[in-house]
Amino acid sequence: MRSPGSHLRTLAGPLPAACAVLLALASGTSACRSTATDADAAVGVVQRFFAALPAADCGALGPLLAPDTQGRPCDEVVAEMNAHELRLLEIASAVPDGRDRDAILVRAQLSQDGKPLKQPAVLRVVRHDGAWRLRP
Amino acid sequence: MRNAIAVVAAVACFACGTEQGTPTDGTSSAQGALQLAWEDAAVRGTYAEDEDVVRFASREVEPGVFDIEVELQGLTLTAVLDPENGASALDGFTTETGEDTQMLEGDRALLGGLYAALNAELPAGAEAGGPARYLRRAVGLWAQNPDSVDLPRVVMGEEGRGYTMLCSYAKCNGSWTGTCNGYYNWYSYAKHDCNKGGFSYTGNQQIAQLGDHYSCSGDEYYMSNGAWVCGEPDHWVRPKVVGNCFGRCGGGCGGDTQYTLDATNHDGCVRNGHALASAYCDDQFVSASDDELYAPDCY
């Protein structure tokens, strides 16, 4: 581990550094392009999920959800979100999880019961059965 | 705030059942091996649970300012704390690349083990010394960081504005610890908002005896039909609750004795039918962060 005092992040890993250079040259490798595409796909999943959420139709919402870590079914997850009027206001960013290439972190401003939350929430979109899905 | 070894406690409490009469004392312990090394104005070491290892270091980089780094499972957590001025910068990122990442359940479980080990090994309160004391506080905070709360953030705190002390409610029967002998000092109400309703919804409110008085298998007691039951109520209407250092910053009965309003409300959320990582308790967690890092000890 680095010694205390060197607490700033160092973006010196081989893949990000290579990607940054290649992206700057607008000639990214397939790995770089897939990262951007994956982030776009994850944003799309979040947007589609929250657009469909008020209707509470798990026929439409279910394919956008990854299995719940607590094992709850779609209708239970959706009912809880709607009971609290959880809504998407804005997406701030979407980046890969540096520890898991099959996960995208989507930072989003949400509201509950008509009031914006105090801070953006980090939503997790994971690759599951070949598609990107929101982890409840 | 909630006991960091909640998973262990929850499993153990399947056997608790109903317990009549006065709550009884209980204990909790770390699950792994802690190694600590003390240096001038610094502490560093490791904590190991099975194959998982946490490396940590904390040192005073200038008078009253502490630089903390914790590394586990490919995640690096950092904090620069300036308690005197109530200012801190926290961060968390992928160790190998510096990329963004997120706190997940496995991280919290391991950090909870480290927190319990630090509580067991370090002297209580200020006697631990600045670097160890603020390491313990930062680890206690990270061990409860929900998935949905971003790791990079600034935490500012000031008594009366950022945090409100509730020390007097941590005493019962005239004592900070031990049995209440029926002489409780109830705080009304620990409260939160969630999918069940807002702060004014009585199912989101609890009447709490704060303080280090009882625990049962690492959990608290609540009153049910005139009897104390080991466990946690789930959105009951204003139940009486006591035990497991309700209202105290950090998991369970951590090494410091900070009883605050925001920590009480956070306990009122995560010990009331919501998981520790529930997004419905995010606001309570964020509000309690400055309490955890800066609030003084009650005793």
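Guide: The largest nonpolar core has 52 residues, and those with the most contacts inside it are Ile68(B), Val70(B), Leu77(B) and Trp142(B). A nonpolar core is here a set of buried Ala, Val, Leu, Ile, Met, Phe, Trp, Tyr and Cys residues joined through side-chain atoms within 4.5 Å; buried means under 20% relative accessible area, exposed over 50%, and partly exposed in between, with a 1.4 Å probe and protein chains only. Two or more residues each are given to this core by β2 (42-49), β3 (52-62), β4 (65-72), β5 (75-82), α2, α3 (130-142), β8 (187-191) and α5 (282-294) of chain B. Helices (H or I, at least four residues) and strands (E, at least two) are DSSP runs, numbered from the N terminus. The largest share, seven residues, comes from α3(B).

The model is a predicted one, in which local features need pLDDT of at least 70 and side-chain atom pairs count only at pLDDT 80 or more, while totals for chains, interfaces and linings use all residues. Residues are numbered from 1 along each chain as its sequence is written, chains are lettered from A and ligands numbered from 1 in the order in which they are written, and side-chain values use heavy atoms, with hydrogens and water left out.

Ile68(B) is in contact (heavy atoms within 4.5 Å) with residues including Leu77(B), Leu81(B), Tyr134(B), Leu135(B), Ala138(B) and Trp142(B), its neighbours within four places in sequence being left aside. Apart from this core lies another, of 24 residues, among them Val45(A), Leu61(A), Ala121(A) and Leu123(A). In soluble globular proteins, nonpolar side chains tend to be buried together.

In chain A, Leu65(A) is placed in the loop between α3 (58-61) and α4, and it counts as buried because its relative accessibility is 8%. Leu65(A) and Leu134(A) are 69 residues apart in sequence, yet their C-alpha atoms are 4.8 Å apart in space. Beyond four places in sequence, Leu65(A) also touches Phe49(A), Cys74(A), Val77(A), Arg133(A) and Pro136(A), among others.

Helix α2 (residues 105-121) of chain B holds Asp107(B), which is buried, with a relative accessible area of 3%. Sequence neighbours within four places aside, the contacts of Asp107(B) are Arg99(A), Leu72(B), Gln73(B), Leu75(B) and Gln102(B).

The contact between the chains takes 34 residues from chain A and 42 residues from chain B. The area buried between them is about 3,200 Å², of which carbon and sulfur atoms give 46%; buried area is the accessible area (1.4 Å probe) that two parts lose on being put together, summed over both. Four salt bridges are counted between chain A and chain B, a salt bridge being a side-chain nitrogen of Lys or Arg within 4 Å of a carboxyl oxygen of Asp or Glu. Arg107(A) forms one with Asp100(B), the closest N and O atoms being 3.0 Å apart. On the side of chain A that touches chain B, α4 (74-83), β1 (87-97), β2 (100-112) and β4 (121-128) of chain A each supply at least two residues. Of the elements there, β2(A) gives the most, with four residues.
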